[in-house]
Structures are given as structure tokens and as C-alpha cells.
Amino acid sequence: MRKIVFIIVFVSSSVFAQKIERIFPKVFGEFPHVRDFAMTQGHDEIYFTVQSYKKEYSFIAFIKKVNKQWTQPEVVSFSGMYKDLEPFLSPNGLQLFFASNRIDNQSKAIKKDIDIWYVERPSLKSKWSSPKNIGPIINTKANEYYPSVTSNGDLFFTAAYKDAKGKEDIYVSRFVNGTYTKPVSLGTGVNSEKYEFNAFVAPDESFIMFTSYGRKDDLGGGDLYISHKDKNNNWLPATHLKGTINSNKIDYCPFVDFKTQTLYFTSERNLLKKSFSSKKNIEELNQALKIDANGLGRIYKVKISELLEKKRD
């Protein structure tokens, strides 16, 4: 693997009052869209999705830390052929769940819908297995997206089933005695008659963070919300993440690093200038288009300790 030394530098954007920072701006800026973020607890592996400009195709890539330096991005061993996206690491880092349209066990044709798959490894130093379809209890002829897994193996995901409360709901399938149970739509504290999708669930299921589109307090393209559980294990009404985390573009794909109390999320916000104070040459303009928040999918981070301190009612 070739190594790069500049990738560990995070570039701060002073326009964000909450010190929202775009991560890996130069390296990720070379791709059309970058979205999704999954990191091991040891902070030495990061998985993400690269999408084409029109989002027709996507693949899963990774970087890893070797001798305190991040390697150049590579395609993961199980991606690069089909449309793969939305990697999520189990809390112990030994399973990686993702969404894909790849050929399933019953068909030789690429599927028209998206299913949830996973790979596994016996140790953090081992190679990933071949992809495995999570099974018909969860995967149907509808789309199943954005897996998120708790410490006890319960699977949360997005789907547009017939029993959905809205356009898309967030569902949970409990992992009981090594088997997934029939998925159930989460309550009205999370799901509504609008769109709910792309949920990150805390390993202990104490809170869920997700994107919703179409609510009264939505700023535009879809915003991030958070719901905690009460003492009776019910999801409390979700609240809109205030401040400057949400924008008038889509903000989605949350991931929380508990060690540093940091939220990583994807946004298509656009801060490109409509003019410059002086004439720029082609190199300068090209760099400005790549580095600035330019409406393409990019990954950001922000400290959220105050959100994680909320206690159960």
C-alpha cells in the first residue's frame, strides 16, 4: 500500500459556529461523492462509500493507519463490481454490514432492489470473508438500506414496506438465539408520515440518530434528528439537531465515535463562492471547486458531547 502523510490533517471551516470540519479534504475531494463513515474502535480503519456524480454506481473503499499514517484509499476486497454502499461495522469490528444490488443466492441476475449483506473476520488482523446475504427474514423484493447493529446483534435498517408509517421507515430485527426476527417499524417517536432513513443506533440502544425529510423543522433536503429512550424503553419524540450541523441541503449518514464524542456525517451543503476578489488561474479555480463544500457528498465531523449527556426521563 502506498502511504500518504497529509491525509491526517483536518481542515476547519470557520463559517461553522460549532467547528464543523470537513475530513480528508484533499483525498476525498478526488472522488465525485463520498458518503457513509465507519471506523473501528481502535481508530485505525475507516470504511466509506464512493458514488458516481449521478449516483448510479457506488463502491466501498477503506483506508487504514499504518505506522501512524493513513494509507491511500483502496477498494475493499468484496466490492468494486456491483453497486455497494453504506458500510457499518459491528461494535467489535468483526462484522461489516452493507447494502448491495449484487446477485443473491437464488438468482444469477443483478437484483433490481437493494439488499443487506455482511462480511466477517475472526480477528481485526484477518481478511474479510466472502459476502453473505443476511436472509429472507429481512431482505425482500423491496429495498433494504443502511444497516446499523447494536452490541447484542440487533439490526436497524431503512425500508419502504407496506406497513410503513410514512414513505420510508426505520425498522429493527432482533437477533435472538442466532436468528433474526421479523422486522418491526419503530414507534412514532422516530417514524412519521414523512421519510425516515439512515439511522445510527448506539451500541447499547440508548439513542438513535437518523435523517428525516419533510418535517416542519426540516431546513431543506433532509436533516439529522436524535431520539433517546425513556425509562420504559420507549423512543422519545425525536428532536432536530440544532445549530449549524443541519443545512438547507441533505445531511445524512451519521456515525458517532464515543471515545472522542464526535459525530461524523455526510452533507451535500454548498459554500462555493459566486465570485472572487481577484482573478484566479485554472489551478486555483480547480482547487477551490474540490476543497470547498461544493454540493457534492462530503464527510464532516463535529463534537456533540452535549447531545450524548442527555439522561433517560
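The structure is a predicted model. Its largest pocket has a volume of about 440 Å³, and the second largest pocket has a volume of about 320 Å³. The count of salt bridges comes to 12.

**Largest pocket**

- The largest pocket, with a volume of about 440 Å³, is lined by 17 residues, of which Glu45, Lys64, Arg121, Leu124 and Ser126 are the closest to its centre.
- Strands β4 (45-51) and β5 (58-66) each contribute at least two residues to the lining of the largest pocket, and the largest share, 3 residues, is that of β5.
- By residue class, the lining of the largest pocket comprises 7 charged, 6 nonpolar and 4 polar residues.

**Second largest pocket**

- For the second largest pocket, the volume is about 320 Å³; among its 21 lining residues, Met39, Gln41, Pro91, Phe255 and Val256 are the closest to the centre.
- At least two lining residues of the second largest pocket come from each of β8 (84-89), β18 (195-201) and β22 (251-257), with β22 giving the most, 3 residues.
- The lining of the second largest pocket is made up of 12 nonpolar, 7 polar and 2 charged residues.

**Salt bridges**

- Asp36 and Arg35 form a salt bridge through their side chains, at 3.0 Å from N to O, and both residues are buried.
- A salt bridge also joins the side chains of Glu268 and Lys55, at 2.6 Å from N to O. Because Glu268 lies in the loop between β23 (262-267) and α2, and Lys55 in the loop between β4 and β5, this pair ties together parts that are 213 residues apart in sequence.
- Glu268 counts as buried, at 13% relative accessibility, whereas Lys55 is partly exposed, at 29%.
- The side chains of Arg174 and Glu205 meet in a salt bridge of 2.8 Å, N to O. Arg174 is in the loop between β14 (169-173) and β15 (175-176) and Glu205 is in the loop between β18 and β19 (207-213), so the pair connects parts 31 residues apart in sequence.
- Arg174 is partly exposed, with a relative accessibility of 29%, while Glu205 is buried, at 8%.
- Through shared partners, salt bridges join Asp154, Arg174, Glu205 and Lys229 into one network.

**Asp292**

- Asp292 is located in the loop between α2 (282-291) and β24 (298-303) and is partly exposed, with a relative accessible area of 28%.
- Beyond its neighbours within four places in sequence, Asp292 contacts Arg22 and Leu272.
- Asp292 and Arg22 are separated by 270 residues in sequence, yet their C-alpha atoms are 9.0 Å apart in space.

Methods:
Residues numbered from 1 in each chain as written. Predicted model: local features only at pLDDT ≥ 70, side-chain atom pairs only at ≥ 80, totals over all residues. Heavy atoms only, no water. Helix = DSSP H or I, 4+ residues; strand = E, 2+ residues; numbered from the N terminus. Buried < 20%, exposed > 50% of the residue type's maximum accessible area, 1.4 Å probe, protein only. Contact = heavy atoms within 4.5 Å. 1 Å grid on protein atoms, 1.4 Å probe; cavity = no way out; pocket = protein on both sides within 12 Å on 5 of 7 lines; lining within 4 Å. Points joined across faces, edges and corners; volume = space filled by probe spheres on them. Nonpolar A, V, L, I, M, F, W, Y, C, P; charged D, E, K, R; others polar. Salt bridge = Lys/Arg side-chain N within 4 Å of Asp/Glu carboxyl O.
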